[in-house]
Each structure stands twice: as structure tokens, then as C-alpha cells.
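Dear colleague,

I am handing over the structure below, and my notes on it follow. Please read them alongside the coordinates.

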Amino acid sequence: MDSSDVRRKKVAVIGGGLVRIFGCIITVGAVILTVITHNDYYSSLKYIFLVSFQIVSQGIPMRGRMIHSLSGKKSVIPYGTKTQYVLSISRENLNKDLLTAVEKYPNVKVHFNHRLLKCNPEEGMITVLGSDKVPKDVTCDLIVGCDGAYSTVRSHLMKKPRFDYSQLYIPHGYMELTIPPKNGDYAMEHNYLHIWPRNTFMMIALPNMNKSFTCTLFMPFEEFEKLLTSSDVLDFFQKYFPDAIPLIGERLLVQDFFLLPAQPMISVKCSSFHLQSHCVLLGDAAHAIVPFFGQGMNAGFEDCLVFDELMDKFNNDLSLCLPAFSRLRIPDDHAISDLSMYNYIEMRAHVNSRWFIFRKNVERFLHAIMPSTIIPLYSMVCFTRIRYHEAVQRWHWQNKVINKGLFFFGSLIVISSTYLLMYCMLPRPLDYVRRPWNWIAHFWNTKHVSFR
């Protein structure tokens, strides 16, 4: 497709979140716009790197998990090597920075306060309702659905044959609390994700640029429903999070707890992510996931990146690009959805296990001596471009190798220890251990058995 053909195309990107804005920068534009030309595309990429540098500079590096036990003891589980970390970034500021980047392109038209009423991809038609409350029909060549977990675009695709869809509300909800600054500084170590794991529920805390922490309590809804009064809340926290009370403050804790009810969490899977060459789903519209691996936004951004790479590979031919996008992203996005579910169990329960910590240390040691053979799951997901589903397959293989190795060395240690114990402490009974071997040797030499 030549550049003149590219210029004539219109793309509607539906949604108001981070993936929609990032998709506008790296691929086409927002709501109603003309596709970025080839020359504009490379200038836009340069601008993305500048925006990325600005965003990263506003983030707070977190180098591992800080585990808070019930006794108040704290321990650290590193995310990876000393040079690896994840960033705690304000979602609101990130959204503003990306929106500012989008608005710099004259061929991008951003329409706020519009609602999608109808979507007819085959005819290249959408109907939107603006602030004037008058429905407007808009024609376009491609519809990009980035409108979140409750996607209107996806709801129209669900009426099409062979479109699979499933959703799951997990039985746990979440509630946000705040740890304010203490004497103008952070109240805790700020380069870690703080976790209070309590097996069936947990609380986490992420650092903010204003020296505060945003805490999130994840817990079954029935547990939330038991906490009806201020004293119930304080008693609950005194029992399960005693070291958090002085950090939050009793008054602020009660105030935040009853500010809003616990919110639900949904996991969405669908297939495929496209309809012919007319429509494609990105981000939560295609694969809403629970937040426990911290990959929801990243998976959406990777959708945009993969889509961009495919557009380049197929020379902007949507009839080839969109099917390839579904083939590539469906197994990966389903894999990260399952991993997010698993990571909740790891964060709230497994980190309390000494065996889990031992396994983590073994895995880190093996990674240090064999960095290309053994790579921890978290490192594969967060610090490489290894595809999500390949990371899962490799993780299962590594677990089998490590389990067999531990079993072999464990068995060797037990057998060696038992032999040494019997040899050093019980010399006479060893005769009964040696005697069968003596019988075998004697029989081999004389061809008959002696029972003397």
C-alpha cells in the first residue's frame, strides 16, 4: 500500500484509556482521523522515545517485594538481578503525557465526551453520540476497539458467528487506602512493593512521587461484608496488619475504608481479536486481566507494538495484518491472564512458605550461573520480550528440571547421611547390610551359597 493510499484511509480508535492513546501515537490516531503517513510514522516514533524518557524519569524503581509477616518482621524477595527493577508510575500522569503527545499531530482528531452507540465494521460505519445529544454516523476504514473490559466494540463483535467470549468475576474485591508521608518523607522503604500476605487475602503498598503510598486491600467479598463499623475495621487490622495501623493512622484508615465499597475484578477472554480487515480489539477490550502480575497496561502496550510490527511487515495490508495479529496475540494474552490469576496465590500465600523462598533462591543461583538456560518466570515476563505463552511453557520445563535436580540431591543427601549415621553410631548392624553383598560375591566365586 503506497503512501497516497495510506493518507486516504480513516481509522476510528474507540476508548479513553492508555492503550487507546498509545495506539494513536504508534499506529493511527484517535476516534476519527487519517492514518499517519510513513514519514510521519518515524517522526512519531522519535517522539515516543522522548515521551517514554519523560515518563520513566517520573517513576519510582522497585527492586523487589518487601514481605511483612504477621509478627512485623520484614524480608525482601528481589525481582531479578541488581540492575533489574519495575517502575511505580502514576497512571493519571501517564495518561496525560500520552494524550499530550497525541494532540501534537494535526491529522489526529480527539473527540471527548462521545459515546459509541452502534458499530458496523463490515460497512465501515460507527454511530456516536456527542455532548449535543445528536447521533452522528461516521464512516471509516478500520475500527480499533480500545474501550476497556466492558467494550462496546466487542459487544458488537459478539453477535458475529464463531466469536468466542468468556468472563469471570473472581470472588475477591479490592479497596484502596493511603499511607501518608511521615515528616515529609516516605513512611517505609520506597524502592519495594510492600506485601502483607495473609494466605486467603493480602494488602499491598506502592510508592508515589508525593512520598505517600497507595495501599490496596484484596480480600473475599464476604470478609469485607463482615466489617460494618469503625471498631470492626480497627480490630481486623489490629489482628492481621498491626504494623500498618500506625503507618496509615486510625482516623484515615476508617475514613478511607468506608469511602467506597470494595470493587470487583473481572477477567475477560475472547477470540478472535479481529473481524476481517475492518475491526481489531486491543488492550482490555480483547483481554481484561486481574492486576496481580502488573501486566494489564503492559500487555495492552505490547498489543500496540506487535500491531505496529505487523503493519510494517505486511506493508500496511490490513487483510494480512489483522489475522496475523490474532494468531500471535491470543495465546499470549490468554497466558498472561492465567499467570495473573496464579500470581495472586503466590503473593498472598506462597511467599509465606520457606520452601517457596528456598526454591526462589535456587532458581536465582541457577540463573546466575546459567543465565540463558534458567530464567525466573518474573524476569521472563517483565524484563524480556519472550512471548507470554512461551514464558509459561519454559517456566513449566524449568520447574520439572529443578524438581528433579532437588529430588536427586535430596535423595543423595538422605542416603549418604543414613549410611554415615549407621557407620559411625551403629557399627555392628552394618554387618547385616554388608552380608548380602558378601553372599553375592561368594556365590559368584564358588557357584554355591553358604548360610554360615
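Is E92 buried or exposed? E92 is exposed, because its relative accessible area is 52%, where buried means under 20% relative accessible area, exposed over 50% and partly exposed in between, with a 1.4 Å probe and protein chains only.

Please bear in mind that this is a predicted model, in which local features need pLDDT of at least 70 and side-chain atom pairs count only at pLDDT 80 or more, while totals for chains, interfaces and linings use all residues. Residues are numbered from 1 along each chain as its sequence is written, and side-chain values use heavy atoms, with hydrogens and water left out.

Helices (H or I, at least four residues) and strands (E, at least two) are DSSP runs, numbered from the N terminus. The buried residues of this helix are L94, D97, L98, L99, A101 and V102. The 12 residues of helix 4 (residues 91–102) should span 16 Å at 1.5 Å a residue, which agrees with end C-alpha atoms 16 Å apart; the expected span is 1.5 Å times one less than the number of residues.

Salt bridges elsewhere

The structure holds 15 salt bridges. One of them joins the side chains of K269 and D338 (2.8 Å, N to O); since K269 lies in strand 17 (residues 266–271) and D338 in helix 12 (residues 318–348), the pair ties together parts that are 69 residues apart in sequence. Another joins D332 to R387, with the closest N and O atoms 2.8 Å apart. Here D332 lies in helix 12 and R387 in the loop between helix 14 (377–383) and helix 15 (388–425), so this pair ties together parts that are 55 residues apart in sequence. D332 is buried, with a relative accessible area of 2%, whereas R387 is partly exposed at 24%. Salt bridges that share partners join E302, D303, E309, R329, D332, D333, R385 and R387 into one network.

Finally, 3 strands form an open antiparallel sheet in the order 8-9-10, where two strands pair if DSSP finds at least two bridges between them. Strand 8 (115–120) and strand 10 (135–139) are the edge strands, each pairing on one side only.

Technical notes
Salt bridge = Lys/Arg side-chain N within 4 Å of Asp/Glu carboxyl O.
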